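I opened this notebook to record what I looked up in one protein model. The entries follow the order of my reading.

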Amino acid sequence: MVTRSDILILGLTAGVIGSLTGGLMLGIGMGLVVQGAHIGWLLILPGAPLGGGIGYLLARKLAKQLG
């Protein structure tokens, strides 16, 4: 049975790790683009999906733990 604390920890962990990962990629990518290096777009574009993917993987881990 999933408890409230499991869901709370999952949400907090996914939010923090996703935000840090996506924000870091966004920051570094924007810095490169502003300086004229177009390779920075390769960091900016997958930043948000990567953050969401981390949350998805954590949720699958919790589901596997329960079943």
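The entries below go from the whole chain to single residues.

**Entry 1: basis.** I noted that this is a predicted model, in which local features need pLDDT of at least 70, side-chain atom pairs count only at pLDDT 80 or more, and totals for chains, interfaces and linings use all residues. Residues are numbered from 1 along each chain as its sequence is written, and side-chain values use heavy atoms, with hydrogens and water left out.

**Entry 2: overall form.** I looked up the secondary structure and found 3 helices and 0 strands. Helices (H or I, at least four residues) and strands (E, at least two) are DSSP runs, numbered from the N terminus. Along the sequence the pattern reads α-α-α.

I then asked what radius of gyration the protein has. The value is 15 Å, whereas a compact globule of 67 residues would have one near 11 Å. This radius is taken over C-alpha atoms, and the globule rule is 2.2 Å times the number of residues to the power 0.38. Along the principal axes, the C-alpha atoms fill a box of roughly 50 × 15 × 10 Å.

**Entry 3: surface and contacts.** The protein exposes about 5000 Å², and carbon and sulfur atoms supply 74% of that area. Accessible areas come from the Shrake-Rupley method with a 1.4 Å probe; for residues, only the protein chains shown count as cover. Of the 67 residues, 18% are buried. Buried means under 20% relative accessible area, exposed over 50%, and partly exposed in between (1.4 Å probe, protein chains only).

I also looked up contacts, meaning heavy atoms within 4.5 Å. Among those between residues at least 6 apart in sequence, 48% join residues at least 24 apart.

**Entry 4: helix α1.** Helix α1 has 31 residues and reaches 44 Å from its first C-alpha to its last, close to the 45 Å expected at 1.5 Å a residue. The expected span is 1.5 Å times one less than the number of residues.

Which residues of α1 are buried? They are Ala14, Gly18, Gly22, Met25 and Gly29. An α-helix has 3.6 residues a turn, so residues three or four places apart point the same way. The cover over the buried residues of α1 includes α2 (41-44) and α3. After α1 comes Gly36, whose phi is positive, near 100°.

**Entry 5: the segment before α1.** Met1 is found in this segment and is exposed, with a relative accessible area of 88%. Not counting residues up to four places away in sequence, Met1 touches Asp6 and Leu66. The C-alpha atoms of Met1 and Ile44, 43 residues apart along the chain, are separated by 38 Å.

Val2 also belongs to the segment before α1 (4-34). I noted Val2 as partly exposed because its relative accessible area is 36%. From C-alpha to C-alpha, Thr3 and Met25 are 33 Å apart in space and 22 residues apart in sequence.

**Entry 6: Lys64.** Is Lys64 buried or exposed? Lys64 is exposed, because its relative accessible area is 68%. Lys64 lies in helix α3 (residues 47-66). Between the C-alpha atoms of Lys64 and Ser5, 59 residues apart along the chain, the separation is 17 Å.
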